[in-house]
Amino acid sequence: MTKNERLKSRKTIELLFKSGKSFSIYPFRIVYQFASLQPLEKGTELQAGFTVSTKYFKKAVDRNRVRRLMKEAYRLQKNQLQEMLSINESSLSVFFIYTAKELPAYQFVFEKTLLALERLIKLTGETKR
């Protein structure tokens, strides 16, 4: 993920959790917010953040592993969502929260990320109407 694609701004993250919408697809809770596209740089129509709870994963090694799995699955599958956003001329901030209590296998994370992104694509299509 490039620097522009990472959700880092504290203001944006606070606004996302305050006024964004969410849905759950086990083991993720996805918080998202659409915005009409201002004249932004290419690649900033989609920004994403990832987090894993310290409540369930006490060791940083485990949290980092889950976060790396999530980022890789997202990176490989985000292209269709980016295309849909550029067609609709909107931008999306999305935050993936891992809610399960056990360490996942990569294939499981990949499949669930695909379901989450498909749902976001569907929601992107609905915002155009």
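**Notes on the fold: strands, core, rings and charges**

1. Strand 3 is mostly covered. Of its 7 residues, 5 are buried. Keep in mind that this is a predicted model. Strand 3 pairs with strand 4, and the sense is parallel. The pairing runs over 7 bridges. To find your place, look for Gly49: Phe95 in strand 4 stands opposite Gly49.

2. Next, the nonpolar core. The largest one has 28 residues. Met70, Val94, Phe96 and Leu120 have the most contacts inside this core. Several elements give two or more residues to it: strand 1 (21-25), strand 2 (28-36), strand 3, helix 2, helix 3, strand 4 (90-98) and helix 4 (106-128). Which element gives the largest share of this core? Helix 4 does, with 6 residues.

3. There is also a second, separate core. It has 5 residues. Among them are Leu7, Val31, Phe95 and Ile97. Phe95 is the residue opposite Gly49 in point 1.

4. What does Met70 touch, not counting residues up to four places away in sequence? The list is Phe28, Phe50, Thr51, Val52, Phe96, Tyr98 and Val109. Phe96 is, like Met70, among the residues with the most contacts inside the largest core.

5. Aromatic rings come next. A pair of rings is described by two values, the distance of the centres and the angle of the planes. The count here comes to 11 aromatic pairs. One of them joins Phe50 and Tyr74. Their centres are 5.4 Å apart, and the planes make an angle of 70°. The pair is edge-to-face because that angle is over 60 degrees. Phe50 sits in strand 3 (residues 46-52) and Tyr74 in helix 2 (residues 60-77). They are 24 residues apart, so the pair links distant parts of the chain. Both residues are buried.

6. The Phe50 and Tyr74 rings also belong to a cluster. Ring pairs link Phe28, Phe50, Phe57, Tyr74, Phe96 and Tyr98 into it.

7. Then the charges. Side chains of opposite charge can pair when their charged atoms come close. How many salt bridges does a search of the whole structure find? It finds 2. One is between Lys78 and Glu5, with the closest N and O atoms 2.7 Å apart. This pair links distant parts of the chain, 73 residues apart. Lys78 lies in the loop between helix 2 and helix 3, while Glu5 lies in the segment before helix 1 (10-19). Both Lys78 and Glu5 are buried.

8. Arg75 forms a salt bridge with Glu72. The closest N and O atoms are 2.7 Å apart. Both residues lie in helix 2. They are 3 residues apart, about one turn of the helix.

9. Last, Asn88. This residue lies in helix 3 (residues 79-88). The Asn88 side chain reaches the backbone oxygen of Thr124 at 3.0 Å.

Terms used:
Residues are numbered from 1 along each chain as its sequence is written. This is a predicted model: local features need pLDDT of at least 70, side-chain atom pairs count only at pLDDT 80 or more; totals for chains, interfaces and linings use all residues. Side-chain values use heavy atoms; hydrogens and water are left out. Helices (H or I, at least four residues) and strands (E, at least two) are DSSP runs, numbered from the N terminus. A polar contact is a pair of N or O atoms within 3.5 Å; within protein, one must be able to donate a hydrogen and the other to accept it, and residues adjacent in sequence count only if both atoms are side-chain atoms. Rings of Phe, Tyr and Trp (its six-membered ring) pair if their centres lie within 6.5 Å; planes under 30 degrees apart count as stacked, over 60 as edge-to-face and the rest as tilted. Buried means under 20% relative accessible area, exposed over 50%, partly exposed in between (1.4 Å probe, protein chains only). A nonpolar core is a set of buried Ala, Val, Leu, Ile, Met, Phe, Trp, Tyr and Cys residues joined through side-chain atoms within 4.5 Å. Contact means heavy atoms within 4.5 Å. Two strands pair if DSSP finds at least two bridges between them. A salt bridge is a side-chain nitrogen of Lys or Arg within 4 Å of a carboxyl oxygen of Asp or Glu.
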